[in-house]
Amino acid sequence: MGLKERRREQVFNPRKEKLLEYLFVVFGSTIVAIAFNVFLLPNEVASGGVSGISTILNGLFDWKPAYVQWAFNIPLFIAGLIFLGLQFGVKTAIGTVFLPLVVFLTEDWKPWTEDPLLGALFGGIGVGLGLGIVFRGRASTGGTDLAAQIVNKFTGLSLGTCVALIDGMIVLSAAIVYDIERGLYALIGLYVTSKTIDLVQVGISRSKMALIITNRQEEVREGILNKIDRGVTKLSAYGGYTDDERPILMCVVDQTEFTKLKQLVKTIDPSAFVVTMDASEVLGEGFKRV
C-alpha cells in the first residue's frame, strides 16, 4: 500500500470516532466488572479502586459491591464534570452506571479460580485491560480511575502510575482488614493492572525506528522512499572524532518491513552503521492517525 492509499484510509470520521469511543466505554466496563466478580472479589483481592473499597466493605459488613460502587462514584463523577468537562462527563456517566450494573448482574457467577495468586494476576490483567480500553475512549468508569485521569491531566504522569499512587492506600487498608498475605496479593493485582493499562494505552511495539549513518546516503534514501515506500528524514550530525559533517537518516518502519530495510542498507552499503530501537507508538501518515 502506497502513501497516497494510506492517506485516503486515514480520512477522519467524527461520528464513527464518537461511536467507537462509546463502544470502548461499554466494552471496557464490562471486562472490568466480570474480572472483578470472577477473580478479585471471591479471592478477597482488593487491588485498589472503588472496587477494592467495595471488596473490603463486603468482607466487613457483607454490603453488596455494586451498591458501594454506585455510592462512591457519585462525588467522583461530579469532580469529573468539574475538571474534565461535560462531554467527558457524559461518557463517564455511562461507565459510572454501567460497570456497577454489570457487577450486579454477574454477582452470582462462579469464581474462575479459588487461588488468590491466580485471582490477583488474571484479575489485574482483566481490570487493566478494561480500564485501558475505557481510557482510550477518553472516558472513565468513575471511581479512582477517574481521579487518576484528573491527576494525569494536571501532572503528566502516566495513567498507570496515577492509578498505582491513588490506590496504594486502598491496598494498605486491605492488608489491615484481611491479612498481610492478602495485601501482598492485592499489590500484585495493582501492579499488573497498572502495567496492563499502559500496555493498552501505548500498545505492543510493532514499529522500529532506524538511525542510519552511511557514506551512500542518497542511494539509501532513494531506496527507502521508492522500494520500501516509507518516509525518511535527514538529521544534521557531525563525527565525534573527525568533526566532519555526517548526516543521519532516520526512518520508521513497520516491524514487517524491518528485515527489508536491513537488507536494503546492507546491499547498498555493507559498512553502514545502523542503530535500531522500538517505537512504542507512532502517530502520523502511514501509521496511526494523530
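Beyond residues up to four places away in sequence, E257 touches I228 and R230. The model in which these contacts occur is predicted. E257 lies in helix 11, which covers residues 255–268. Its relative accessibility is 16%. The cut-off for burial is under 20% relative accessible area, so E257 counts as buried.

The exposed class begins over 50%. Setting aside neighbours within four places in sequence, K153 is in contact with F83 and L84. K153 and L84 are 69 residues apart along the chain. Their C-alpha atoms are separated by 8.6 Å.

The chain as a whole contains 11 helices and 4 strands. It has 290 residues, of which 46% count as buried. Among contacts with a separation of 6 or more, 74% join residues 24 or more positions apart.

Several helix pairs were then examined. Two packed helices are described by the angle between their axes and the distance between the axes.

Helix 2 spans residues 14–40, and helix 6 spans residues 116–136. Their axes come within 7 Å. The crossing angle is roughly 165 degrees. Angles over 145 degrees count as roughly antiparallel, and helix 2 and helix 6 are therefore roughly antiparallel to each other. Helix 2 passes helix 6 in a left-handed crossing. The contact between helix 2 and helix 6 has 15 nonpolar residues, 7 polar residues and 1 charged residue.

Helix 6 also packs with helix 9, residues 180–202. Here the angle is about 30 degrees, and the axes are 7 Å apart. The crossing of helix 6 and helix 9 is right-handed. By class, the residues of this contact divide into 15 nonpolar, 7 polar and 2 charged.

Helix 3, residues 49–61, packs with helix 4, residues 65–84. Their axes are 9 Å apart, at an angle of about 135 degrees. Helix 3 and helix 4 are therefore oblique to each other. Helix 3 passes helix 4 in a right-handed crossing. On the helix 3 side, the contact is formed by V50, S51, I53, S54, L57 and N58. These residues meet P65, V68, Q69, F72, N73 and L76 in helix 4. The contact of helix 3 with helix 4 comprises 7 nonpolar and 5 polar residues, with no charged residues.

The database annotation was set beside the model. An unreviewed UniProt entry carries the annotation "transmembrane region". This annotation covers residues 20–39, 75–105, 117–135 and 156–178. Two of the spans were examined in the model. Residues 20–39 are 100% helix and 0% strand. The end C-alpha atoms of this span lie 28 Å apart. Residues 117–135 are likewise 100% helix and 0% strand. For residues 117–135, the end C-alpha atoms lie 26 Å apart.

Conventions: Residues numbered from 1 in each chain as written. Predicted model: local features only at pLDDT ≥ 70, side-chain atom pairs only at ≥ 80, totals over all residues. Heavy atoms only, no water. Axes fitted to C-alpha atoms, helices over the stretch in contact; angles between N-to-C directions. Helix = DSSP H or I, 4+ residues; strand = E, 2+ residues; numbered from the N terminus. Parallel < 35°, antiparallel > 145°, perpendicular 65-115°, else oblique. Left-handed = near helix turned anticlockwise from the far one by under 90°. Nonpolar A, V, L, I, M, F, W, Y, C, P; charged D, E, K, R; others polar. UniProt positions renumbered as here; feature names shortened; annotations may be inferred. Buried < 20%, exposed > 50% of the residue type's maximum accessible area, 1.4 Å probe, protein only. Contact = heavy atoms within 4.5 Å.
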